[in-house]
Amino acid sequence: RVMNALIAVREVDATVPTEFPEEVEMSQAEFRRRGEETNSIIYSTQYEKLRARMSQLHPALDRWIIDFAYGQVLGRPGLSPKQRELATVAALIGLSCPPQLMSHIRGSINVGATAEEVVEVLNMTMELHGAATQEEVNKVWEQYNQRRMKS
């Protein structure tokens, strides 16, 4: 999925680098700071709501998501937030997790992707999956657009 995601993002954005900087040693506190910053950029006005929901599920889940998923993975150097979010959207297709796909579609737009870029990634990646996945992804995109029109 990661390889397919990177292929899809490179098709949409030719500026995706082919070499990435080496990660420097960071403390847990630095990962948390970077994770909070990355998460707040991606989720924008939904950041506090997301953190509260994750903490409500379990405080350790919230810490893990911030420290690892956003601090160590999504926040690391190499790709721009837009490129990472588009890759995340591509990787989520086929995993049958509509809420996360919706969140990262919204996150892609929040960090500068256009609707056309998101649709291009969705279309390219859906081709790798069956009709059921295509139907699910189309439904999520339709819901995203309905919510966007209301706000």
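The model is predicted, so local features need pLDDT of at least 70 and side-chain atom pairs count only at pLDDT 80 or more, while totals for chains, interfaces and linings use all residues. Residues are numbered from 1 along each chain as its sequence is written, and side-chain values use heavy atoms, with hydrogens and water left out.

Let us start with the pockets. The largest pocket has a volume of about 1,200 Å³. A pocket here is an open set of points on a 1 Å grid over the protein atoms alone, where a 1.4 Å probe fits, with protein on both sides within 12 Å along at least five of seven lines; lining residues have an atom within 4 Å of a point. Of the 37 residues that line the largest pocket, Tyr43, Tyr70, Thr88, Leu92 and His104 lie nearest its centre. The lining of this pocket has 24 nonpolar, six polar and seven charged residues. Tyrosine 70 belongs to helix α4 (helices are DSSP runs of H or I with at least four residues, numbered from the N terminus). Its relative accessibility is 5%, so tyrosine 70 counts as buried (buried means under 20% relative accessible area, exposed over 50%, and partly exposed in between, with a 1.4 Å probe and protein chains only).

The second largest pocket has a volume of about 170 Å³, and its lining includes Arg106, Asn110 and Tyr144. Helices α6 and α8 each give two or more residues to that lining.

In one of them, arginine 32 meets aspartate 67 at 2.5 Å, N to O. Arginine 32 lies in helix α2 and aspartate 67 in helix α4, so this pair ties together parts that are 35 residues apart in sequence. Arginine 51 forms a salt bridge with glutamate 36 at 3.7 Å between the closest N and O atoms, and another with aspartate 62 at 2.6 Å. Both aspartate 62 and arginine 51 are buried. Through shared partners, Glu36, Arg51 and Asp62 join into one network.

Notes. Grid points are joined across faces, edges and corners, and a volume is the space filled by probe spheres set on the points. Ala, Val, Leu, Ile, Met, Phe, Trp, Tyr, Cys and Pro count as nonpolar, Asp, Glu, Lys and Arg as charged, and the others, Gly among them, as polar. A salt bridge is a side-chain nitrogen of Lys or Arg within 4 Å of a carboxyl oxygen of Asp or Glu.
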